[in-house]
Amino acid sequence: MKRIRKILVANRGEIAVRIMRTCREMGIQSVAVYSEVDRLSPHVLTADEAYLLGPAPSTESYLNMDKIIEIARKSGCDAIHPGYGFLAENPHFARKVAEAGLIFIGPRPDTIRLMGSKTESRKIMQQAGVPVVPGTTRPIKDVAEAEAIIDSIGGYPVMLKAAAGGGGKGMRIVRNSSELPRALEAGRNEALNAFGDDTIYIEKFVENPKHIEIQVIADEHGRVLHLWERDCSIQRRHQKVIEESPSAVLTPDVRQRMGETAIQAARACGYVNAGTIEFLVDEDLNFYFLEMNTRLQVEHPVTEMVLGLDLVKLQIMVAEGQPLPFDQQDVQAQGHAIECRIYAEDPFQNFAPSTGKIEFLKNPEGPGVRLDSGIASHSEITMYYDPLMAKLITWGADRQEAIARMIRALKEYQIHGVQTTIPFCLAVLQHPDFVEGKFNTGFVEKYWKSPSAAAQPDARMLAIAAALRYFTEQHEAYLNGELKAASDQQVVSAWKIRGLKEMLRER
Amino acid sequence: MIYYIQQDDQFIPVEIEDQNGQLIVRVKGQVFHIDPRRVADDQYSFLVNGQSLVVERLQAVPDLVFRIDQQEFAVTVLNERQKIEREIFGQTEQAHGHGEVRAPMPGLVLRIDVKVGDEVKIGQPLLIMEAMKMENEIRAPIDGVVKEIVVEPHQAVEKEDLLIRLE
């Protein structure tokens with residue numbers, strides 16, 4: 001058994017901080033790497049050691065495999081944790097890490113490569129008897145070939161997907177043949193830019209499915225466990241925004257079968273460490289294998305909250321070669337957990353990315369609240385990286401309590417300087433269909449067509465608005481030293497202005 | 001002090017009486033006692049008839065935007081002079097013309113699918129922008145003819161930059 005004493009976290013933002021927290025709890029030293037714009041980012045401040053990678057663009061920093069491995073060796077690390085995104089699902093990186101004599105905290109390189117190819121993973125799952133969505137595993141060469149395949153799977157609508165894909169990138173719904181050429185081209189470009197591979201394949205598009213995934217964890221000694229489900233159906237642009245566990249709709253029987261199928265899938269690819277099997281679930285609760293994510297998921301905290309587990313800790317233990325310290329019957333969910341992703345995006349402008357400086361930040365607190373954040377006051381949100389700023393997670397004894405807590409916590413959360421998905425999350429959590437669990441991946445498209453940010457002000461709000469103008473102008477006048485003593489006409493001394501300024505600052 | 005709140009073509013008067021920092025505000029026949037305090041930059045605590053509200057100011061006057069309990073309110077608050085200006089000249093600031101296609105986000109122009117003189121239909125893709133690793137189609141906001149293309153492929157643009165002018 002290899003003991004891990006020092007880990008390099010090859011990531012940034014909230015996930016890097018989250019991993020480092022577990023390292024500290026386990027008495028493991030953590031090493032941060034950062035780009036030039038991230039010198040003061042929370043992950044650098046949280047780590048025990050930090051080393052510069054290079055300029056801001058991720059190709060020159062967080063994707064620079066050789067530099068990251070060199071830093072890990074020079075700083076005396078035993079292992080590298082890739083987080084999610086960046087190099088997390090890059091088999092070359094995992095192999096290079098191993099070749100450098102370091103432990104890659106994640107599955108074996110072969111497994112990453114196999115499951116990273118959506119076409120090959122479909123093949124393996126079909127062979128293992130795991131249900132898959134009708135489609136092809138062949139890479140598409142041209143429009144003519146695509147049309148032939150679409151005919152053979154029962155016509156439109158279909159989904160184009162990047163073989164190397166993930167996170168919704170390169171994905172396109174195509175509803176008729178006139179949309180096909182453009183969608184194919186755009187999907188290819190996006191896939192090429194995001195993954196360096198423009199291979200596209202086609203699947204039947206399941207209308208209004210739920211997106212439910214099963215967390216699995218496997219050790220090197222043949223034990224494969226499932227850690228129940230997460231419902232991730234609230235998505236925009238095929239990217240998740242709100243996740244919860246347990247799902248509001250699964251019956252105990254379906255839940256059980258999905259868990260067993262996930263174990264079957266993980267065994268089929270010889271999986272080791274934490275991974276996630278994503279399923280599409282139709283209205284009759286039929287489920288189909290979608291893909292396997294061979295890494296820690298963004299939304300892993302909801303599982304941690306209902307199971308009372310630390311998945312990063314388990315990942316590290318498995319990477320050390322330790323056996324999992326519990327068995328399937330010990331994995332019992334308690335209560336309900338919800339996660340809201342707080343993105344720097346404007347939900348009222350079609351979720352356009354919003355960049356800027358965090359001018360003011362007040363984090364939510366209190367009972368049942370967990371915040372995994374990668375931003376601080378004065379953080380700069382740039383267009384170089386993913387716009388995920390933080391994840392807010394609440395736990396409740398039941399779903400109703402978890403929702404009520406989330407609404408309360410979201411209202412406490414104040415972020416100034418960029419637009420955020422907070423108002424969107426609040427609207428979803430208060431929507432009757434969400435409250436009743438009657439929602440699917442079409443929720444945003446259906447209910448968020450042309451939302452308006454501003455509400456109609458009543459007389460009280462008009463009074464507040466006018467008072468706000470009056471008060472701020474008074475305040476600014478004081479600070480500018482313009483306000484002279486009203487009764488006597490004498491000139492206000494510099495000392496007096498200073499006194500006034502300090503008085504105002506205090507309140 | 002009197003302010004006017006502009007709602008469409010109407011100007012609603014709001015009267016503020018300052019009693020040593022405690023404000024008595026009269027609007028639409030209602031009276032509100034407001035105790036305003038500053039907490040931090042753009043952060044205020046207002047006690048409104050005893051109700052405790054945290055007011056976050058997002059945009060300054062006259063077109064004030066503020067947020068209470070994550071709900072945004074946009075209210076145009078004018079002083080006497082600004083009110084007269086608007087009565088005479090209408091809006092002080094011209095809204096963007098509907099034919100101006102602006103960047104909804106900072107990013108990179110990847111490809112332009114139209115040329116000057118092209119007739120376009122509402123919703124038709126005009127160009128592709130990349131931002132935060134995603135490709136975004138920028139579509140025509142109106143039916144019209146492409147009058148001017150201001151940007152070119154591989155050009156970086158800021159939010160609100162003019163991309164294409166339609167007529």
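In chain B, 29% of the 167 residues are buried (20 or more other C-beta atoms within 10 Å of a residue's own, with C-beta atoms placed from the backbone; 12 or fewer counts as exposed, and in between as partly exposed). Welcome to this predicted model, where local features need pLDDT of at least 70, side-chain atom pairs count only at pLDDT 80 or more, and totals for chains, interfaces and linings use all residues. Residues are numbered from 1 along each chain as its sequence is written, while chains are lettered from A and ligands numbered from 1 in the order in which they are written.

**Chain B**

- One helix and 16 strands form the secondary structure of chain B (DSSP runs, numbered from the N terminus: H or I of at least four residues for helices, E of at least two for strands).
- The C-alpha trace of chain B spans about 65 × 40 × 20 Å along its principal axes.
- Chain B is assigned domain 1 (2-89) and domain 2 (100-166), with bounds from an automatic or database domain assignment.
- Between the C-alpha centres of domain 1 and domain 2 of chain B there are 38 Å.

**Where chain A meets chain B**

- On chain A, 42 residues are in contact with 46 residues of chain B (C-beta atoms, placed from the backbone, within 7 Å).
- Helix 16 of chain A gives the most to the side of chain A that touches chain B, namely 14 residues.
- That side of chain A divides into 26 nonpolar, eight polar and eight charged residues (Ala, Val, Leu, Ile, Met, Phe, Trp, Tyr, Cys and Pro count as nonpolar, Asp, Glu, Lys and Arg as charged, and the others, Gly among them, as polar).

**A helix pair in chain A**

- Helix 4 (residues 91-99) and helix 5 (residues 109-116) of chain A pack at an angle of about 180 degrees, with axes 8 Å apart (lines fitted to C-alpha atoms over the stretch in contact, with angles from 0 to 180 degrees between N-to-C directions).
- Helix 4 of chain A is therefore roughly antiparallel to helix 5 of chain A (angles over 145 degrees; under 35 is roughly parallel, 65 to 115 roughly perpendicular and the rest oblique).
- Residues making this contact include Pro91(A) and Ala94(A) of helix 4 and Ile112(A) of helix 5.

**A loop residue in chain A**

- Gln334(A) sits in the loop between helix 11 (311-319) and strand 14 (336-343) of chain A.
- Gln334(A) counts as exposed because it has 11 C-beta neighbours inside 10 Å.

Terms used. Two residues are in contact if their C-beta atoms, placed from the backbone, lie within 7 Å.
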